[in-house]
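Please read them with the model open.

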Amino acid sequence: GYRRNGQNLVRVAGQSRKIKNTPMRTNQREKIKVCNDFTRAFSGTGFFSKSFPSYGDTGTGYNRATSTIMNLAITGTYPDTAISYSRVLISKGALPPAENAEVAVDTEGNILFAWTDNTGMGTAKSSDKVVLVAYFPELKQAITSIGNATRSAGQALLETSVMKGYAAETWIGFLSNDEKNAADSVYTGRAGLSF
């Protein structure tokens, strides 16, 4: 027995059995592998625990993120399984998302995010924290930032100069100031850091 997420659980010893490898199982394994290659860059950081609030769910933020990415962003069938970065969510919730979001790269190789301040639309507040992500597919690494700017700022800088020479997939999202609510992230495209 063990305790996980505040619940007592008992695990039964499984019986050894050979599972037949079908095309459907092979396809599912490949989808899981592609998803894990992406989410592993965030593992151990606690990032998804904040960007995927529980809303009363007992699972982990990492599990909620993995499930969302598996359902929305993994495309194709084995051996052509891939991740569609434009469909990935790095944050998920009921807050209004970023509007007119875009990125540019400065001369040092940092990524500048810009968006339209939509404070007052629905539950959007000027104090909502900005969530920024740059994922580097070649390296399978991510640089993230939570709260280095607020929704009302309209722009924020993500320091990525250490990755100069590599292209990044980028996203922006928001978290409420108390970090109990989030917005669905917006994909802001591929940023080339090769100067």
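Predicted model: local features only at pLDDT ≥ 70, side-chain atom pairs only at ≥ 80, totals over all residues.

1. Two packed helices are described by the angle between their axes and the distance between the axes. Here helix H1, residues 23-39, packs against helix H3, residues 61-72, at an angle of about 125°. Their axes lie 10 Å apart. The crossing of H1 past H3 is right-handed.

2. The contact between these helices. Which residues of H1 meet H3? On the H1 side they are Gln 28, Lys 31, Ile 32, Cys 35, Phe 38 and Thr 39. Their counterparts in H3 are Tyr 62, Thr 66, Ile 69 and Met 70.

3. Strands of a sheet pair through backbone hydrogen bonds, either parallel or antiparallel. In this open sheet the order is E8-E7-E10-E11, and the pairing is antiparallel. Strand E8 (141-150) and strand E11 (186-192) are the edge strands, each pairing on one side only. From one strand to the next the twist averages 20°.

4. Inside that sheet. Strand E10, residues 167-175, is joined to E11 by 6 bridges, and the two run antiparallel. Trp 171 stands opposite Tyr 187 in E11.

5. The aromatic pairs. How many aromatic pairs are there? The count comes to 13 aromatic pairs. One of them is formed by Phe 38 and Trp 171, with 5.8 Å centre to centre and 65° between the planes. This pair is edge-to-face, because planes over 60 degrees apart count as such. Phe 38 belongs to helix H1 and Trp 171 to strand E10, so the pair ties together parts 133 residues apart in sequence. Phe 38 is also among the H1 residues that meet H3.

6. The sheet of 3 strands. This open sheet has the order E5-E6-E9 with antiparallel pairing. Strand E5 (99-105) and strand E9 (155-158) stand at the edges with a single partner strand each, so one side of each has no neighbour in the sheet. The twist averages 20° from one strand to the next. E5 and strand E6 (residues 111-116) run antiparallel and are joined by 5 bridges. Val 103 has Phe 113 in E6 as its bridge partner.

Conventions:
Residues numbered from 1 in each chain as written. Heavy atoms only, no water. Axes fitted to C-alpha atoms, helices over the stretch in contact; angles between N-to-C directions. Helix = DSSP H or I, 4+ residues; strand = E, 2+ residues; numbered from the N terminus. Left-handed = near helix turned anticlockwise from the far one by under 90°. Contact = heavy atoms within 4.5 Å. Pairing = 2+ DSSP bridges. Phe/Tyr/Trp six-rings, centres within 6.5 Å; stacked < 30°, edge-to-face > 60°.
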